Amino acid sequence: MKMKKGDRMRCKNLGLICIAILCCYMMSCSTTKHLPEGEKLYVEGDVQLEMDSTVDAERKQQFEEHLEGLVMPKPNKKAFGAKWKLMFWNAGGGYDTSSTFFQRILKKRGEEPVLLSDVNREYNENLLRNRLENLGFFNATVSSDTSIDGKLAKVIYTGVPRKIYRIDTVIFNIDSASNIGKDIAASKSESLLKKGANYNLDVILNERDRIDNDLKNKGYYYFNPDNILVEVDSTIGDHKVNTYVTLKPEISAQAKEPQKIGDIFIYPNYTLTSQGYSRRPNTEYLELFNDNYYIIDRNNTFRKKVIANHIFFKKGQEYNRHDHNLTINHLVNLNAFKFVKNSFEPNPDSANTLDVYYHLTPLPKKSLRLELLAKTATVYNGSEANLTWTLRNAFKGAETVSFNVFGGYETQTGGNVNLNSSYYRYGAEMAITWPRLLTLYKWSPGRRFIPKTYLKFGYEFLNRRTAYTLNSSTLNYGYMWKENEQKQHDLTLAEIIYVQPRNISEAYQAQMDTIPTLRRIVEPQFSFGPNYTYTFTNTMEEARKNTFYFKGGMNLSGNVLGLIQGASYKNDNQKELFGTKYSQFVKVEADGRHYLKLGQHAQLASRVMLGMSYSYGNSASLPYLKQFYSGGPNGLRAFRARAVGPGSAVPENIGEDNFFADQTGDYKLEINTEYRNRIVDFGVGILNWAAFIDAGNIWLQNRDDGKLGGKLSKEFLSELAIGAGAGLRFDFTFLIIRTDLALPIRVPYYPKNDRWVIKDIDFKSSNWRRDNLVFNLAIGYPF
């Protein structure tokens with residue numbers, strides 16, 4: 001049944017009234033309403049340090065916040081200053097068990113009050129004192145007091161660290177005649193314990209781990225950090241300590257000797273049984289592959305050479321942790337195995353020798369996955385379905401073949417112009433990925449990561465029902481490899497894109513005869529050539545205050561062929577290949593991002609995007625699919641996607657019965673900055689908020705009489721579109737849902753002295769809100 005407009009408004013108002021009533025009900029439930037007789041609500045554990053005046057205020061505050069994080073218990077959670085979980089618990093009746101069904105639901109989502117009586121002050125004093133001592137403040141004292149304000153209470157812990165102790169001497173007291181003593185002494189110069197440094201228990205623990213890691217890479221498989229004893233003498237005076245690094249007397253003889261690699265057994269098609277993992281088989285009936293590996297694979301599931309290429313141990317070498325971890329990482333990242341089990345066993349025939357076992361359980365040979373997606377933006381909504389069939393280990397070399405078919409539909413649901421966004425599309429893509437480089441020359445970018453070769457074929461049919469249809473075909477062949485954890489390369493040796501328009505409607509035809517931009521969309525497009533992308537990121541290093549992300553690339557098309565044929569659009573000498581004019585251009589893109597930590601949960605994220613191109617010979621500009629655009633939920637959020645620019649050109653064909661021409665260009669500049677912070681951690685996810693400012697535009701390489709002001713000039717900075725707004729981010733770890741509400745504050749196609757529109761902001765006006773407020777719903781962060 002279709003709901004009338006008046007009914008919809010009444011339902012909307014009723015919903016708002018219900019929400020208002022719930023909020024009022026919860027707010028009326030005081031956080032101290034259900035406190036037991038004589039109890040106080042514990043609101044804070046405040047640590048105050050009396051430190052030397054030479055310690056700056058910021059460092060002192062960070063130290064105090066660190067110590068406050070250790071104090072137990074934690075007060076009730078807050079959001080916007082309100083203890084929302086406690087309010088839920090109170091609204092649910094508190095300690096009263098005779099509550100209604102609705103109250104029980106609220107109580108289940110809530111949190112009992114944390115009481116002052118729950119605080120063990122003596123325990124916290126000892127905890128803080130121990131932490132100060134572990135940081136070198138051996139003579140620290142901690143006392144506490146309680147501050148009462150009505151029914152609220154906080155505990156104030158006063159710490160007096162006094163003078164810190166520093167390391168005077170580091171002595172490695174280990175038998176230098178033994179193998180292990182020599183190996184430990186060889187790395188003394190890399191010790192984390194330095195003369196003059198503050199005493200710090202964490203550094204001592206890290207030093208034990210450093211020695212252990214060094215020894216593991218020298219063959220000491222059975223050694224572990226607990227075998228190391230670091231003794232500290234603090235009686236030498238002058239607030240100094242001597243440290244003595246030694247081995248514990250009870251260390252086993254086995255841990256003192258390096259181990260060699262014995263027989264290596266690999267089960268690439270293993271199924272775990274109730275008897276557990278099988279061990280050493282009778283080698284008389286096994287074939288030794290490449291003089292190193294026993295590969296037990298009776299069904300010949302994998303080619304032996306492929307498996308052996310990812311095992312970095314060799315028979316007779318010393319054990320080392322690097323090759324151990326490298327092998328596991330490779331086997332896991334082959335994406336061919338569900339489980340990778342590695343174990344070491346003493347060789348029965350040789351002392352200090354380890355037999356190595358790899359039990360590999362393959363993933364299912366075939367799989368089928370269905371994805372259903374919904375998408376929304378300012379004035380249009382749509383859905384998409386993807387069905388993907390995957391064949392693993394297709395040619396017995398851990399190759400992956402996938403075949404994807406997809407279909408989608410999008411329609412306009414608001415606005416007062418024909419945005420030309422109503423369409424349906426369907427298509428298919430087949431991809432083959434090899435976990436190695438298929439090259440004429442033997443070339444390997446490194447052993448740590450698995451390089452990949454890929455081949456992709458794609459076809460898409462798009463039908464904009466009232467305008468035109470497009471048939472698109474693509475082919476990509478190239479390589480992808482990682483130089484290290486931070487650097488990745490993607491080299492596409494051949495990228496071929498062919499787009500052929502069909503069924504151009506009379507209405508669209510009539511308008512494109514006068515609007516060149518509309519004509520560009522339905523021109524045949526044919527580009528071919530290589531492209532390269534380089535990516536750097538250190539954002540995974542969470543301890544850093546400043547982290548960066550950079551992605552840059554170059555795309556070429558028709559360069560050599562155009563030069564050979566002497567192609568020139570300026571001289572009306574455009575050349576064709578297979579009956580279609582091809583594109584000739586050089587395109588460069590760069591995306592740089594900076595993330596600045598401002599606190600435990602606060603962050604300032606900034607991005608600069610640059611796009612430049614040069615079309616020549618056979619082309620006057622980039623083909624439509626390669627052009628830059630601006631606006632949308634991941635760019636200028638105060639403007640619709642592809643609605644900004646070029647330059648100060650006025651948008652074409654804005655009207656109820658007209659097609660809206662997407663605005664594209666040959667150059668791009670975009671700058672974004674966003675402040676992010678947490679509102680609340682609600683258990684199953686985190687609610688964050690953000691405030692942002694976006695600026696940017698696109699420009700043309702050549703003058704276009706249909707887009708006056710669109711050509712790049714020295715006044716490009718005065719043509720930047722600027723928008724601002726705020727939004728919420730619902731972070732469920734596996735999924736981030738983002739909502740942004742933005743408004744333009746500078747419009748580039750207005751008269752030069754009237755482009756700032758801050759003065760026109762009028763939230764009370766429904767017309768202003770309709771024309772200026774832009775709501776975006778998206779998945780993931782914009783950058």
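A residue counts as buried when its relative accessible area is under 20%, as exposed when that area is over 50%, and as partly exposed in between, using a 1.4 Å probe and protein chains only. By that rule R303, at 35% relative accessibility, is partly exposed. The structure is a predicted model, in which local features need pLDDT of at least 70 and side-chain atom pairs count only at pLDDT 80 or more, while totals for chains, interfaces and linings use all residues. Residues are numbered from 1 along each chain as its sequence is written, and side-chain values use heavy atoms, with hydrogens and water left out.

**Overall architecture**

- The chain has 13 helices and 29 strands; these are DSSP runs numbered from the N terminus, with helices being H or I of at least four residues and strands being E of at least two.
- The C-alpha trace spans about 90 × 80 × 55 Å along its principal axes.
- Of the 783 residues in the chain, 44% are buried.
- Among contacts (heavy atoms within 4.5 Å) with a separation of 6 or more, 64% are accounted for by residues 24 or more positions apart.

**Helix packing**

- Two packed helices are described by the angle between their axes and the distance between the axes. Axes are lines fitted to C-alpha atoms, for helices over the stretch in contact, and angles run from 0 to 180 degrees between N-to-C directions.
- Helix α3 (residues 84-91) packs against helix α4 (residues 101-109) at about 155°, the axes being 7 Å apart. This angle makes α3 roughly antiparallel to α4, on a scale where angles under 35 degrees are roughly parallel, over 145 roughly antiparallel, 65 to 115 roughly perpendicular and the rest oblique.
- The crossing of α3 and α4 is left-handed; a crossing is left-handed if the near helix is turned anticlockwise from the far one by less than a right angle, and right-handed if clockwise.
- In this pair, K85, F88, W89 and A91 of α3 meet Q103, L106, K107 and R109 of α4. The contact comprises four nonpolar, one polar and three charged residues; Ala, Val, Leu, Ile, Met, Phe, Trp, Tyr, Cys and Pro count as nonpolar, Asp, Glu, Lys and Arg as charged, and the others, Gly among them, as polar.
- Helix α2 (residues 57-68) and helix α5 (residues 121-134) pack at about 130°, with axes 10 Å apart. That angle makes α2 oblique to α5.
- The crossing of α2 and α5 is right-handed, and F63, H66 and L67 in α2 meet L128, R131 and L132 in α5. By class, this contact has four nonpolar, one polar and one charged residues.

**Salt bridges**

- The count comes to 34 salt bridges, each defined as a side-chain nitrogen of Lys or Arg within 4 Å of a carboxyl oxygen of Asp or Glu.
- K315 and D263 form a salt bridge, with the closest N and O atoms 2.9 Å apart. The pair links distant parts of the chain, 52 residues apart: K315 lies in the loop between α8 (304-308) and α9 (321-333), and D263 in strand β7 (residues 260-267). K315 is partly exposed at 40% relative accessible area, whereas D263 is buried at 6%.
- R303 and E399 meet in a salt bridge at 3.8 Å, N to O. R303 lies in the loop between β9 (293-295) and α8 and E399 in the loop between β13 (380-392) and β14 (400-412), so the pair ties together parts 96 residues apart in sequence. E399 is buried, with a relative accessible area of 1%.
- D591 and R593 form a salt bridge at 2.8 Å, N to O, and both residues are buried.
- Salt bridges with shared partners join R637, E674, R676, D694, R729, R738 and D740 into one network.
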